[in-house]
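Please open the structure in the viewer and keep the selection tool at hand.

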Amino acid sequence: MLTCSSCGRENPDGFQFCGSCGAALAVLRIREVRKTVTVLFADVTGSTALGERLDPESLRRVMGRYLEEMKVVLERHGGTVEKFIGDAVMAVFGIPTLHEDDALRSLRAASEMRDRLASLNEELERDFGVRLEARIGVNTGEVVTGDGESHDRLATGDAVNVAARLEQSAAPGEILLGGQTLELAAEVVEVEPVEPLSLKGKTDAVAAYRLVRVVDGPLPEGGGDVPIVGRRDELARVRGAFDEAVSARRCGLVTVLGPPGIGKSRLGRELAAALSGEANVLSGRCLPYGEGITYWPLREIFAAAGGESELDAALEQGAPEEIFWAVRKAFESRARVQPLVLVVEDIHWAEPTLLDLIEHLTLWTRDAPLLLLCLARPELLDERPGWGGLTIALDPLSEAESDQLIEELLGESRLEQGTRARIRAAAEGNPLFVEQLLAMLAEGGSPEDVPPTIQALLAARLDALPDEERDLLERASVIGLEFEWEALGELAPDRRRPAGSQLVALVRKELIRPHEAIQDTFYFRHMLIRDAAYERIPKEVRSELHEGVAGWLNGRGYEFDEIVGYHLEQAYRSVAELGPAGDRARALAERAAEHLAASGLRANGRGDTGAAANLLERASSLLPADNQLRLSLQTPFGEALRDVGQLELADSVLSEAVDHASEAGERAVAAAAAVALIELRFHRPAQTGVGREDVMRELAAAVRVFEEFDDEAGLARALCLGGKLHFWVGAAAAAIKDFERSARHARDAGDAAQEAESLQYVLVASLRGATPVDAALRRVEEVGAQLDLNRRFGVGVLLTLGHLEAMQARFNAARDAISRARATAESLGVVLLASLLGTSAGSVELLAGDPVAAEQHLRPACDELEQIGELGFLASSAPLLAEALFLQGRHLDGLRLTERWDARRLTVPEDVDGQANWRRVRAKLQASRGEVEEAEHLAREATAMVAPTEFLDLRAQTLADLGEVLRLAGRPEESAAAVQEAIQLFEAKGNVAAAGHLSGTSVSVPE
């Protein structure tokens, strides 16, 4: 409904005129905005004592003169005097319109107020016999205020309170400023630090600085020392225009357009350097505000040429036409001596008279080689759509050019690749942004943060836009980095798509771009522009807009669940940050959780564990502890956390799930969480003390519950863990039966993630057990085809395939399978999977006879497993690394490694693989150093452990290593017998590579 601003009656959407009074219906705009502004408080000290000395009428006149003078100063620098409070004044810089130099303006105003008070005191002492002393506080921060059309522009927020506290802490005649104000104006002010202030109402001490002085001149745009990267074509075009001006002996006009920081000034400096000796290059810069700014660039240009008196004489002509004529004659005279290049920066801030002068020079200069190089933001064309001459638009740097610029700026320093990528992505080809982000990083900041200088720059650009364009960008920012034209209409108060001319204007100003491939879709030219637009929107309005986007997308299919969930999540969080959650907030949270949970469970089902962990965590955090949906999510969430390496957090989540589900009477949910928890703890016996009997007891109790509730998914989970228990003691055939039954139950329950895990263990048991390699390869092919959409399962299939191919001495095929598995695993971001990849790759290289390559894979894998606390898998991987060291002859290093990662501490006694592998490798390491008796004891322990198992490969390996120990003990006949038995077992398994190594034959199988 649209409310008539004239009579107050509501009208249906789509009405252009009020049905009651006929007045035109205006679309209501957001009446509040969030802005980062600079607040100034000034107060006269000792005013109470002053009141005792003066008659009330005299006191009123004294304070009136003071406030009048201060108001003039504040407004001259662009401040808005928000209120007078007795003898104090509060002004805000950035209301109604932000400027990128608001912090500098406020400090200039404060400095001038101090100076002006000194001269005012002479008058007050003469007329009233008094002198005033004042103190000033200046602070920058976020506030909420009325928009440009609102009558209520009162700024509210902590930034205002801090400014007032700074003023109260200042000594008479002192100006104190806050940290963010200093950051924004650091290049043009001198300050002295003061002790951090304990301010009323602030928990932590606040950094403060005493202003000494403000340096004349505007804030530099940055990039003074930034090397120029790219821009060869643009420089060549400007150089061509200069050559043409020289050849034709007339004035050429080139305008370089681009957003702030894109490198316009840097291009001008590069041209000046290139033309050194060929031309006289003079520069001037337009100012954004101030008195006498119309011809300010000319003053800088004439001063550089030593011609101030010429300009003064020209300006005394009075009429613009005479001034133009005199200035042109002065330039022509110089250009006839040596070609002249005038660089005029920031002409988007130029007064119309200066733009007229530039056009006059272009049209009327005769017989004089003159090039006018104007640097401007795209907004110039809004003021002068018919601006002539050659126009060059500077595009963002390419990725390669951004990398080159980062290298140039870093010098000898180095930057981690992930940090470099984040800076490159955040800067999006803007050289100034690259420079500022690196500078912030050097000062200890995070690459995720945005420097205040960039924030101020972008916020000021947006604030200067026409209302309709700014509102459009704000709505677009809620949709995301990309947005559809139709969606903008859905979020508009009148439900109409914005006019195409508004979008074109934003494209021309280089704030947005049309999508290259999708019609009627646009994207922000820079994600920081999107962020700046988003930050302006009050949180209550943000919430409504996010909910609107969610409603527009809802119903388009399950693939939109994550996006819908995100917008509902943001809608909830925006409103929840404003105060205690009400009914609307709770409803938003529940709807968001449903969509995020659905998307997270699908990600889990397809093996995208990293995404699943993120989505399930977000869904869970939106719901109360006893919510049924939250309870059902905790088990898959905990399992996903384990896979991404957050084992302590996984333990906490699963423990909480058991407790809360039990309290809520959800016995099946509690049982599922208990199964996941006991398995997690079984892998970390050193920390948890959990043994095999504990697992069996917990598993039996869970199975009874699952059978009682006919819970197919729970039974699948229990059977899978039961299969693992069989597998860990070497009963591979029994394990396979359990895994296959588990997969069937999971398929019936629609639990794709559990089905994939169970089938993956079918393959692992086939690899390790008595199944011959040929049969195992057929099983890989059969099972792998069942769940081709599960990416994590696909990694497991490829790892098994790699092992089997290596056993058959097809090492290139094995490495190819491992490489393909690695590519998928890296995209999933699963820490545990990445570590297992290293173990698999190392195993392949050991079979291939390359222990150096094996170490390169195994060492980082073992370190990662230790770091995340996954000791069960570490117990199986560490002996392989010790094996690689043994084969390199580094026996002492290998022994130390087996002491560091002793399987007797890392895993349970029933873990045959870990326990036997540790013993067999340590045994031959000890034997190689002469500790034969203890070595034989360990080697025979290993063979005895694995003798009852179906692990043919492990049995063969323990016998082979026993043979090595016996050989080193000087018992060749016993050694040969053990080795011969090992060869027979390798051949029974089909491990021709290992059998070939032992028999001393060269094995080569066609690939």
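At what angle do the axes of helix α14 (residues 417-427) and helix α15 (residues 431-442) cross? Select both helices in this predicted model: their axes come within 9 Å and cross at roughly 140°. The angle makes α14 oblique to α15, since only angles over 145 degrees count as roughly antiparallel. The crossing of these two helices is right-handed.

Next, display the side chains where the two helices meet. On α14, the contact is made by T419, I423, A426 and A427; on α15, by F433, V434, L437, L438 and L441. By class, the contact of α14 with α15 comprises eight nonpolar residues, one polar residue and no charged residues.

Remain in this region and select E428, which is found in the loop between α14 and α15. Its phi is near 45°, a positive value in a residue other than glycine. Most residues other than glycine have a negative phi.

The next stop is a second pair of helices. Select α27 (residues 667-682) together with α30 (residues 712-728). The axes of α27 and α30 come within 10 Å and cross at roughly 25°, which makes α27 roughly parallel to α30. Here α27 passes α30 in a left-handed crossing.

Which residues make this contact? Colour A672, V675, I678, E679 and F682 on α27, and R717, L721, K724, L725 and W728 on α30. By class, the contact of α27 with α30 has seven nonpolar, no polar and three charged residues.

How many cavities of 30 Å³ or more does the structure hold? There are three. The second largest cavity has a volume of about 110 Å³. To find this second largest cavity, select P259, N430, R525, H526 and I529, which are the closest to its centre among the 13 residues that line it. The lining of the second largest cavity divides into seven nonpolar, two polar and four charged residues.

For the last stop, select I95 and P96. Is the peptide bond from I95 to P96 cis or trans? The bond is cis, with omega near 5°. Most peptide bonds are trans.

Key
Residues numbered from 1 in each chain as written. Predicted model: local features only at pLDDT ≥ 70, side-chain atom pairs only at ≥ 80, totals over all residues. Heavy atoms only, no water. 1 Å grid on protein atoms, 1.4 Å probe; cavity = no way out; pocket = protein on both sides within 12 Å on 5 of 7 lines; lining within 4 Å. Points joined across faces, edges and corners; volume = space filled by probe spheres on them. Nonpolar A, V, L, I, M, F, W, Y, C, P; charged D, E, K, R; others polar. Axes fitted to C-alpha atoms, helices over the stretch in contact; angles between N-to-C directions. Helix = DSSP H or I, 4+ residues; strand = E, 2+ residues; numbered from the N terminus. Parallel < 35°, antiparallel > 145°, perpendicular 65-115°, else oblique. Left-handed = near helix turned anticlockwise from the far one by under 90°. Contact = heavy atoms within 4.5 Å.
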